[in-house]
Amino acid sequence: MRIIDCHIHVKGGDVFKTEHTAEQIIPVLDRAGIEKAVIFAMCLSPVEANEMVLRECAKAPERLFGFAYARPMYDRSVTSVIRDGLDRGLRGIKIHKGETLLLPEIIGPVVELAMEYDVPCLIDSGGDHDALRKLVVAYPEAKFIFAHLTKGTLIQQEAMFRFLAPYKNVYVDTSWLQYYYMIRKAVDILGSGRVLYGSDGILTDPRTEIMKVKIQEFTPEQEEDIFYNNIAALLKID
């Protein structure tokens with residue numbers, strides 16, 4: 001089974017703002033049987049985050065695929081920095097509510113840039129489902145990946161899946177889940193073609209997150225979608 005992890009940190013948002021190099025990440029992927037991974041950094045300026053990610057991707061270009069990091073504010077545009085990162089080979093954009101606002105007037109230019117380059121935006125909303133709904137409605141053709149199955153309570157998550165069902169360009173990832181059985185609910189509502197495996201590693205061991213998918217006992221075809229096909233198609237890789 002081929003696996004791409006769509007959610008790996010080279011710099012995390014944990015209390016220590018932990019950093020990981022390619023030399024540290026690759027052995028973790030190997031132990032878990034993961035072929036490729038999407039990596040990104042946060043808790044840095046977009047310039048610093050992009051340079052860190054590009055540096056680590058260059059060490060293993062066949063295995064690590066980087067996302068730019070967006071931290072726009074009312075008085076700070078970051079589109080030129082992100083454009084530079086995308087022009088240099090980054091494959092998507094990471095946005096985290098902990099470090100920016102998810103209002104369309106704030107991150108709208110970032111989403112529009114992602115649409116221009118036809119790359120996904122991976123968003124950790126911190127469970128702010130109202131913000132996610134506004135983004136989806138404002139940008140129905142954008143490719144969004146909502147991290148952690150959108151977070152929130154079980155009822156909120158299921159309601160969000162049902163809201164997202166008509167929006168075929170919106171995906172969810174399985175990274176670092178408490179309610180791992182909601183993976184089944186996401187597949188039942190959205191289909192296996194819109195659920196992506198991610199770990200939130202490497203502080204979170206990718207093997208535990210793989211098992212949260214495996215114990216759902218999906219069909220082989222569904223597992224192929226979740227573990228490989230969906231993110232491979234979004235990133236345009238084999």
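What volume does the second largest pocket have? What we're looking at is a predicted model, so everything I say comes from computed values.

Okay, the overall picture. The chain's secondary structure comes to 9 helices and 8 strands. Its radius of gyration is 16 Å, close to the 18 Å that the globule rule gives for 238 residues, so the chain is as compact as a globular protein of that length. If you box up the C-alpha atoms along the principal axes, you get roughly 45 × 40 × 35 Å. Buried residues account for 56% of the 238. And take the contacts between residues at least 6 apart in sequence: 75% of those join residues at least 24 apart.

The largest pocket holds about 320 Å³ of space. It has 19 lining residues, and the closest to its centre are His-9, Gly-12, Gly-13, Asp-14 and Asp-200. Strand 1, residues 4-11, and strand 4, residues 92-96, each give at least two residues to that lining. By class, we have 10 polar, 5 charged and 4 nonpolar residues there.

Back to my opening question: the second largest pocket comes out at about 180 Å³. There are 13 residues lining that pocket, with Pro-61, Leu-64, Phe-65, Gly-89 and Arg-91 closest to the centre. Here, helix 2 (46-59) and strand 3 (64-70) each supply at least two lining residues. The class count for this second lining is 7 nonpolar, 4 charged and 2 polar.

Technical notes
Residues are numbered from 1 along each chain as its sequence is written. This is a predicted model: local features need pLDDT of at least 70, side-chain atom pairs count only at pLDDT 80 or more; totals for chains, interfaces and linings use all residues. Side-chain values use heavy atoms; hydrogens and water are left out. On a 1 Å grid over the protein atoms alone, a cavity is a set of points where a 1.4 Å probe fits but cannot get out, and a pocket is an open set with protein on both sides within 12 Å along at least five of seven lines; lining residues have an atom within 4 Å of a point. Grid points are joined across faces, edges and corners, and a volume is the space filled by probe spheres set on the points. Helices (H or I, at least four residues) and strands (E, at least two) are DSSP runs, numbered from the N terminus. Ala, Val, Leu, Ile, Met, Phe, Trp, Tyr, Cys and Pro count as nonpolar, Asp, Glu, Lys and Arg as charged, and the others, Gly among them, as polar. The radius of gyration is taken over C-alpha atoms; the globule rule is 2.2 Å times the number of residues to the power 0.38. Buried means under 20% relative accessible area, exposed over 50%, partly exposed in between (1.4 Å probe, protein chains only). Contact means heavy atoms within 4.5 Å.
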